[in-house]
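Open the structure in your viewer and keep the selection tool at hand. The stops below say what to select next and what is there.

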Amino acid sequence: MALTLEALQILDAIDRKGSFAGAATELDRVPSALTYSVRKLEEDLDVLLFDRSGHRAKLTSAGQELLTEGRHLLRAAEELEQRVKRTASGWEAELRIVLDNVISFEKMLPIIEAFDKQGSGTRLRISVEVLSGVWEMILGGKADLAIGAVYTGPETVRMTGGFRMMPMLSKPWVFAVAPNHPLAKMPDPLTAEQIKRYRAIAVGDTGRAMPNFSTGLLSGQETLTVPSLQAKLQAQLAGLGCGHLPIGLAGPHLASGALIEKQTLDTRQPLSKQIVWRTNGRGKCLKWFLNYLSDPGVQASLSDG
């Protein structure tokens, strides 16, 4: 094969330095060696890569096209080299993190910023699922770390020994409605029979294979299913239904009067949330995240909604 990474490096250096002599100095080679390499490449490709009529080495249109695309290959080769070195030093090339929708991505930003200071070069790939969708990601090998997985997952997780879990701090949820909602004017505490007359707003479970979870819904209650917790908040602010919201998410709207908290006879317990990872994950990146996420202050911030 005529085209090599070394040949592309030579073309790149000549173009940047403007001469064979300048490129030779940068590459610690003699100019005649670079001249030979370029002429050999031109012969092999049967194209003229440099216009030699002027004082400055200037690429022809064919040479410019080759170098433009070749620089992509040079960057890819450099990135591959760095990934191999990182892997050899114990840092993963990539860490795949799945968040349950109860964890606001905004709350992850300070954690990502803290991780960036490690200079590991590990790529982070973050996705968001709801309820059983989170468990499917970790069970199916599509995620290395799950944050905010509700409950303790399917029996497969507990029985195989292939996964470990760390409980997360949970904060209260409040039952809230818009001021114009019929339940807003009813005396507290609301009974289940009163609540089930009105539509509930629920975030849809994104699981595809596992049985879906549902939380806070009453049997026979009409439901509007929305794609995210933020969408649920907006629907309840619009008076389209009722339901529980994390206190951190609902708090500002309760303070402003845009939402009204209602007491219910059946008090909803905070969702049990877990951090879940595979026991065969031993990379430095995963270990860093587990150590960072074990801090109660960090967990409190993630639980604020």
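Which residue in β4 stands opposite I97? Select I97 and then I126: I126 is the residue that stands opposite I97. The model is predicted, so local features need pLDDT of at least 70 and side-chain atom pairs pLDDT 80 or more, while totals for chains, interfaces and linings use all residues. Residues are numbered from 1 along each chain as its sequence is written, and side-chain values use heavy atoms, without hydrogens and water.

Next, select β3 (residues 94-100) together with β4: the two strands run parallel and are joined by 7 bridges (strands pair if DSSP finds at least two bridges between them). Helices and strands are DSSP runs, numbered from the N terminus (helices: H or I, at least four residues; strands: E, at least two).

Now select T122, in the loop between α5 (105-116) and β4 (123-129). T122 is buried, at 9% relative accessible area (buried is under 20%, exposed over 50%, partly exposed in between; 1.4 Å probe, protein chains only).

Finally, go to helix α11 (residues 284-293), where W288 and Y292 lie 4 residues apart, about one turn of the helix. W288 is buried, at 14%, and Y292 is partly exposed, at 28%. To end, select W91, F115, W288, F289 and Y292, a cluster linked by ring pairs (rings of Phe, Tyr and Trp, its six-membered ring, pair if their centres lie within 6.5 Å).

Notes. Rings of Phe, Tyr and Trp (its six-membered ring) pair if their centres lie within 6.5 Å; planes under 30 degrees apart count as stacked, over 60 as edge-to-face and the rest as tilted.
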